[in-house]
Amino acid sequence: MKEELSVVGKGIPRVDGVLKATGKAVYGADFSLPGMLYGKILRSTVPHAKILNIDTSKALKLPGVRAIITGRDFPWGLKYGFTAFTRDQTPLAQDKVRYIGDEVAAVAAISEDIAEEALDLIKVEYEELPAVFDPFEAMKEGAPQLHDHVKNNISASHHSVIGDMEQGFRESDHVREDEFTTQAIKHGFLEPHACVGLWDQSGKATLWANKQSPYIVNRKLAMALGLPPSKVRVIQTYVGAGFGSARSDPFALDFCALMLSKKTGKPVKFVYTMEDVLVMGEMRHPFYLRTKTGMTKDGYLKAIQVYAVADGGAYSTIGPVSIALPGVSIDTPYRVPNIKYDGYRVFTNKGFCGSLRGHCVAQLRWALGQQLDMMCNDLGLDFAEVSIKNAVQPGDETPSGRKITSCAFTECIEKAVEVSGWKEKKGKLPPFRGIGMGTSAMITGARLSGHNSASCVVMMVEDGTASVLTGATDVGQGSSTIISQIVAEVLGLRIEDITINPGVDTECTPVDPGTYGSRVSFYSGNAAKIAAEDAKRQLAEVAAKLTGVSPEEIVFKDRMVFPRNSKEKGWKIDALIRHAQHRMGKESKSIIGRGSYDSGIDLLDLKTGKGNISATYTFITDVAEVEVDPETGKIRTLNAVSAHDVGKTLNPVLCAGQLYGGWLQAEGQLLFEHLIRDEKDGHVQNPSFMDYKMPTSMDIPLRSEHILVESIDPEGPFGAKEVAEGASLATFPAFGNAVFDAIGVRITDLPITPEKVLKAIKRKKEESSKT
Amino acid sequence: MKQLMRFDINGMIYEEEIDHRRTLLEVLRENFGLLGTHKGCDEGQCGACTVLVEGKAVNSCLVLAASVQGKKITTIEGLAEGEKLHPIQEAFVETGAIQCGFCTPGMIMVTKAFLDRNPDPTEEEAKRAISGNLCRCTGYYQIIEAVMKAAEKMRKEA
């Protein structure tokens with residue numbers, strides 16, 4: 001008999017909501033220690049140069065300055081990075097600077113003002129080197145080289161051919177090749193980076209910081225400080241949003257807070273300004289994509305070939321993954337028998353790029369989803385029908401080895417068609433109104449190299465509650481709430497009976513890979529479920545002894561534990577916990593459940609692109625309806641429809657928040673967000689929210705409809721898969737296709753600014769008057 | 001140059017020697033430990049630092065502390081009565097209007113100023129009211145829903 005769920009699946013308010021609504025959640029800049037000093041960072045003013053000398057003598061004489069450090073104060077030559085091949089970052093520049101904003105020195109003083117003043121007194125002598133800002137220029141022979149060990153500035157590349165491209169295109173009735181580009185955007189979190197570092201006399205380096213993946217920080221700090229990870233402790237504060245690796249990695253402030261603390265014997269606090277955040281890495285990779293799609297005349301995809309060049313900026317970060325991800329995302333969500341991918345991530349003298357919601361897949365969808373629409377238009381086919389024809393299905397193994405288990409993609413398309421009024425509107429809207437569809441698949445946790453498992457501890461407390469220790473970090477997406485719901489459900493408790501650690505402390509929470517690849521609900525949710533079940537099993541054994549039935553017969557419900565067929569023999573759970581803990585003689589014990597989960601899938605072969613990168617996949621279909629003002633070129637979204645196969649809705653309110661938020665974040669990039677660079681020296685020209693514009697409430701679609709489709713994943717906790725990152729992916733092609741439908745011109749380079757729209761309308765008018 | 005300043009914040013009197021160049025945001029956070037008011041962009045663009053001065057929502061990062069001495073200042077810490085949340089806070093918690101929560105105090109304060117003036121708003125008015133406050137997480141729908149729900153709660157209480 002299927003048990004009714006009482007906590008999972010409900011729109012329970014987030015567990016940290018009251019704390020956040022009352023201003024009591026402690027974020028990065030809110031954390032302080034007695035006697036602490038304040039740090040500031042000096043950034044490079046030139047894009048590419050050797051550092052000849054740094055003179056700190058004058059700055060050191062400024063009253064109130066306590067210490068100044070440069071690259072020389074860190075273990076020389078010790079670099080950190082994602083893999084052994086990509087370790088190219090140092091806490092502060094050692095030999096060279098590689099972009100305007102690269103960190104050169106750091107000051108600790110008794111106040112922020114004095115630290116700031118000291119920066120002006122530091123003299124850096126540079127020997128300027130030729131610099132390069134365009135990835136195509138950077139790839140040429142003889143271009144300025146950013147890193148000595150890397151030829152032609154190819155930071156990472158990924159190549160794969162699966163199937164027979166010639167045959168695929170031969171079998172196609174229609175083949176198109178088109179170009180698309182995307183721009184650099186920032187994660188746009190509102191809380192700047194902040195930390196407090198304390199290197200104490202015992203040799204332990206402790207960092208309090210607003211980090212999304214504290215264990216990544218722990219490992220990289222250890223790597224560059226030359227310490228074993230156990231000597232570095234990272235304690236996570238509340239985090240003012242994440243969206244990617246800009247929150248997962250340590251940056252200069254984190255290393256410097258610790259090193260300045262070591263030098264001064266005092267805790268040191270750094271709070272970056274928003275200008276710091278906008279100038280420095282990380283950000284979304286700008287892409288150039290040349291895509292070629294072949295299709296039969298009745299709409300079956302036969303081959304897709306993608307050539308991609310990503311502007312990586314000055315350092316590698318997770319570059320090998322970044323450039324592989326588009327390649328491994330081509331044969332979902334559609335069945336494509338033949339695929340070829342050549343991707344290059346290239347170093348340039350600009351701030352470095354990393355992951356951002358839908359890491360390098362959003363860019364691919366922008367291209368492929370629009371090209372599919374072009375093909376459909378060329379052949380007179382309907383996008384929705386073609387999508388259904390080609391949709392991957394449960395049980396599919398794609399040519400590159402993705403194993404599709406739960407999959408409600410077709411249902412997503414059908415629901416989006418129905419709710420958006422697609423059939424009534426497509427091709428029938430008045431001039432300057434348009435409707436477009438976009439689709440995507442999304443991994444549920446990328447299986448990268450190294451650590452992948454998640455763990456959890458559930459301790460039963462004598463008042464009948466459960467205390468949960470998870471390695472997962474809640475950066476706003478709601479994992480603390482989801483995990484609490486899962487534990488409450490398993491143990492027959494209510495949400496208010498669950499206490500969960502508000503953040504990760506790498507010294508006492510279970511080790512966790514981090515919050516990336518939309519993995520947390522799936523991996524940490526599963527670990528929490530297993531831990532809760534372990535605690536439940538232990539309690540059931542105690543209850544079985546007391547009631548004389550087998551443990552399998554014991555039911556946990558409404559804070560009671562009882563034999564299935566005789567509720568009257570039951571125990572209140574608090575009494576049972578106390579009994580187990582206090583009154584079982586030599587067998588007395590605290591009930592502590594442990595759970596670890598790994599999907600067990602193989603590592604993706606980065607050389608061939610073959611393998612199953614994720615334990616399961618989600619599927620998304622978006623429909624955008626837009627209106628274009630032909631006088632101003634301004635675009636307004638009339639309706640936003642998102643259908644997302646989430647596996648199982650663990651919390652509908654939180655899921656809806658992801659879909660709404662994901663759409664608008666995408667719309668920001670689609671319409672106006674753009675980190676603008678100077679062509680001559682690559683510096684960021686709009687390092688302020690005055691000029692780097694993000695969507696406000698006035699930019700939201702007039703209507704928005706989210707559809708949560710359930711496919712009950714066999715492996716996910718209660719059947720759940722990801723929702724957060726996938727939420728923004730299908731918006732890219734949907735929106736581009738809607739704009740085309742409205743104005744009859746294809747915009748292929750992001751963002752779709754009013755200027756571009758006006759120009760396109762003008763060009764269209766001129767063309768039609770000629771004919 | 002420091003001078004003795006006196007403030008009326010959340011009905012309490014705060015007095016301290018403060019540099020005359022300090023903003024209200026800096027003074028709230030650094031002198032008085034009222035950390036619920038958040039520093040985001042520090043230039044009046046994000047609204048995370050919104051507080052009320054004489055009932056009007058202001059970006060506290062753009063206000064010189066010295067200029068609001070003697071005026072009635074309300075911060076997020078002044079809304080709840082003991083453990084009883086203000087209806088706006090309740091509504092934000094209930095509707096999913098909070099994700100990372102960094103914008104939340106500012107959003108709640110701007111909502112307070114708005115609903116005190118306009119207790120029975122349309123959704124369009126609510127949308128406009130929060131348009132000076134950025135939120136990167138929610139896409140705003142659930143915040144607008146919270147504003148409407150808060151209005152209803154406040155009308156019932158009144």
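Figure 1. As in every view here, the coordinates come from a predicted model. Look for B:Glu90, whose side chain meets that of B:Lys153 in a salt bridge, with N and O 2.9 Å apart. The pair links distant parts of the chain, 63 residues apart. B:Lys153 sits in helix H5 of chain B (residues 141-157), while B:Glu90 belongs to helix H2 of chain B (residues 87-95).

**Figure 2. A salt-bridge network that includes residues of chains A and B.** Side chains of opposite charge can pair when their charged atoms come close. In this view, salt bridges that share partners join A:Asp113, B:Asp19, B:Arg21, B:Arg22, B:Glu26 and B:Glu30 into one network. One of the links to pick out is that between B:Arg22 and B:Glu26, where the N to O distance is 3.6 Å. Are these two residues buried or exposed? B:Arg22 is buried, at a relative accessible area of 18%, and B:Glu26 is buried as well, at 15%.

**Figure 3. Where chain A meets chain B.** Here 50 residues of chain A are in contact with 44 residues of chain B. The size of an interface is often given as the accessible area lost when the parts come together. For chain A and chain B that buried area is about 3,800 Å², with 61% of it on carbon and sulfur atoms. Polar links are there to be found too: 23 residue pairs are in polar contact between the two chains, counting pairs with both residues at pLDDT 80 or more. Which elements of chain A each supply at least two residues of the side that touches chain B? They are helix H1 (17-21), helix H17 (652-671) and strand S26 (703-710). Helix H17 of chain A gives the largest share, eight residues. By residue class, the side of chain A that touches chain B divides into 25 nonpolar, 15 polar and ten charged residues.

**Figure 4. A salt bridge from chain A to chain B.** Four salt bridges are counted between chain A and chain B. If you zoom in on A:Asp30, you will find B:Arg29 as its salt-bridge partner, with the closest N and O atoms 2.6 Å apart.

**Figure 5. A:Asp505 and A:Arg233, a pair within chain A.** Over all chains, the count comes to 57 salt bridges. One of them brings together the side chains of A:Asp505 and A:Arg233, at 2.5 Å from N to O. The two partners are 272 residues apart and link distant parts of the chain. A:Asp505 lies in the loop between strand S19 (498-500) and helix H15 (520-547) of chain A, and A:Arg233 is in strand S11 (residues 232-236) of chain A. How accessible are they? A:Asp505 is buried, with a relative accessible area of 10%, whereas A:Arg233 is partly exposed, at 22%.

Figure 6. A:Cys353 is buried, at 3% relative accessibility.

**Figure 7. A:Asn737 and its contacts.** You will find A:Asn737 in helix H18 of chain A (residues 731-743). A:Asn737 counts as buried because its relative accessibility is 1%. Setting aside residues up to four places away in sequence, A:Asn737 touches several residues, among them A:Gly369, A:Gln370, A:Asp373, A:Phe383 and A:Ile435. Its contacts also include A:Gly436, A:Met437 and A:Arg746.

**Figure 8. A:Ser420 in helix H12.** A:Ser420 is found in helix H12 of chain A (residues 409-420) and is buried, with a relative accessible area of 3%. A polar atom of the A:Ser420 side chain lies 3.4 Å from the backbone oxygen of A:Val417. Apart from neighbours within four places in sequence, A:Ser420 is in contact with A:Lys425, A:Ile435, A:Val623 and A:Val641.

Note on methods. Residues numbered from 1 in each chain as written. Chains lettered and ligands numbered in written order. Predicted model: local features only at pLDDT ≥ 70, side-chain atom pairs only at ≥ 80, totals over all residues. Heavy atoms only, no water. Contact = heavy atoms within 4.5 Å. Buried area = accessible area lost by both parts, 1.4 Å probe. Polar contact = N/O pair within 3.5 Å; in protein donor to acceptor, adjacent residues only side chain to side chain. Helix = DSSP H or I, 4+ residues; strand = E, 2+ residues; numbered from the N terminus. Nonpolar A, V, L, I, M, F, W, Y, C, P; charged D, E, K, R; others polar. Buried < 20%, exposed > 50% of the residue type's maximum accessible area, 1.4 Å probe, protein only.
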